[in-house]
Amino acid sequence: MSVLSVVRRAVLLLAVPVILFWAWWLATAHSTDFFWPPLRQILGTFDDTWFHGRLTTDVLPSLLRLIAGYALALVLGVGLGVAIGSVRVLRALLEPVLEFFRAIPSPVLVPVLMLFAGIGNEMKILVIVSGCVWPILLNTVEGVRALDEVLSDTARCYRMRRRSRLIHLVLRGASPQIAAGARQALSIGIILMVISEMFAASNGVGFTIIQFQRSFSIPQMWSGIILLGLIGIALSAVFQVVEARVLSWYTGLRRAQREG
């Protein structure tokens, strides 16, 4: 990749965020609205609000709950998706049930999960799982169903072991769809992380933002919203790195097809 292409890509990535930042800065530069403070005031409170104590008491617990819920949803979604996508009878049997539960908004389940899991970390992790599992599960099912039947027949003819067929044929063939579902689930997980911390919580980013709102600490509240955006950007960047490594074979194949 040439230096020019790197610079062009960096400009494209940063252009819109920089424009939005300066638009916000200029729009609020002389603001006297209590609920819409100047951006410089919000940024001035950012360091003292989040990097002196709350980084370990609020931010880190939120991230750990998000990672735990997301990882559990990934395991459940891929495992169940492979099983349902591979067995036609199972898919026909469970499809109405899956559509029913998918249509239920995850925040509605918070009071129900509180009854069974209490108000601790278990409830918050289950809330994240309840929303993240569906895009992963449904995309995995579609990815398994879309596998090339010729490749499946070839694997059977060569008597590939079940484990090798699962790893090298099913999971690899469905991995682009799985990655698409996992990307959707990541953004859902961040939203549910915040929502779960707004119910009977004692720490977390969502809990702290609500406390700032209730105490009319508006600049600190806005700084928490900015922090959530930065967390989303960081997690998206990590996901892109992992996705690029896992799907390197797929991107290479697509590139070869375009060049051919």
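Predicted model: local features only at pLDDT ≥ 70, side-chain atom pairs only at ≥ 80, totals over all residues.
Arg91 is buried yet takes part in no salt bridge, and the nearest side chain of opposite charge, that of Glu95, is 5.9 Å away. A salt bridge would require a side-chain nitrogen within 4 Å of a carboxyl oxygen. Arg91 belongs to helix α4, which spans residues 88-102. Leaving aside residues up to four places away in sequence, Arg91 touches Ile84, Gly85, Val141 and Arg145.

The protein chain contains 11 helices and 0 strands, and its pattern along the sequence reads α-α-α-α-α-α-α-α-α-α-α. Along the principal axes, the C-alpha atoms fill a box of roughly 75 × 55 × 30 Å. Of the 260 residues, 35% count as buried.

One of the contacts of Arg91, Arg145, has a charged partner of its own. Arg145 forms a salt bridge with Glu142, with the closest N and O atoms 3.6 Å apart. Both residues lie in helix α6 (residues 121-145), where they are 3 residues apart, about one turn of the helix. Glu142 is partly exposed because its relative accessible area is 39%. Arg145 likewise counts as partly exposed, at 46% relative accessibility.

The structure holds 4 salt bridges, and one of them joins the side chains of Glu197 and Arg65, at 2.9 Å from N to O. This pair links distant parts of the chain: Glu197 sits in the loop between α8 (162-196) and α9 (205-214), whereas Arg65 sits in helix α3 (residues 54-86), 132 residues apart. Are these two side chains buried or exposed? Glu197 counts as buried because its relative accessibility is 1%. Arg65 is buried as well, at 5% relative accessibility.

A further salt bridge is formed by the side chains of Arg183 and Glu243, at 2.7 Å from N to O. Arg183 lies in helix α8 and Glu243 in helix α10 (residues 218-246), so this pair ties together parts that are 60 residues apart in sequence. Arg183 is partly exposed, because its relative accessible area is 34%.

Charge may also be considered for the chain as a whole. There are 23 positive and 14 negative side chains, and the centres of the two sets lie 8 Å apart. The chain exposes about 16100 Å², of which carbon and sulfur atoms supply 68%.

Part of the surface forms a nonpolar patch, made up of Leu13, Leu14, Val18, Phe21, Trp22, Leu26 and Leu43, with about 700 Å² of accessible area together. Which helix gives the most to the nonpolar patch? Helix α1 (residues 3-28) does, with 6 residues. Leu13 is found in helix α1, and this residue counts as exposed because its relative accessibility is 60%, where the cut-off for exposed is over 50%.

Not counting residues up to four places away in sequence, Phe35 touches Phe216, Ile218 and Trp222. The C-alpha atoms of Phe35 and Ala200 are separated by 26 Å, and these two residues are 165 residues apart along the chain.

Definitions and conventions: Residues numbered from 1 in each chain as written. Heavy atoms only, no water. Helix = DSSP H or I, 4+ residues; strand = E, 2+ residues; numbered from the N terminus. Buried < 20%, exposed > 50% of the residue type's maximum accessible area, 1.4 Å probe, protein only. Areas by Shrake-Rupley, 256 points an atom, 1.4 Å probe, with all protein chains shown as cover. Lys, Arg positive; Asp, Glu negative; His and termini not counted. Charge placed at Lys NZ, Arg CZ, Asp CG, Glu CD. Patch = residues over 30% accessible without salt bridge, like charges linked within 9 Å, V, L, I, M, F, W, Y side chains within 5 Å. Contact = heavy atoms within 4.5 Å.
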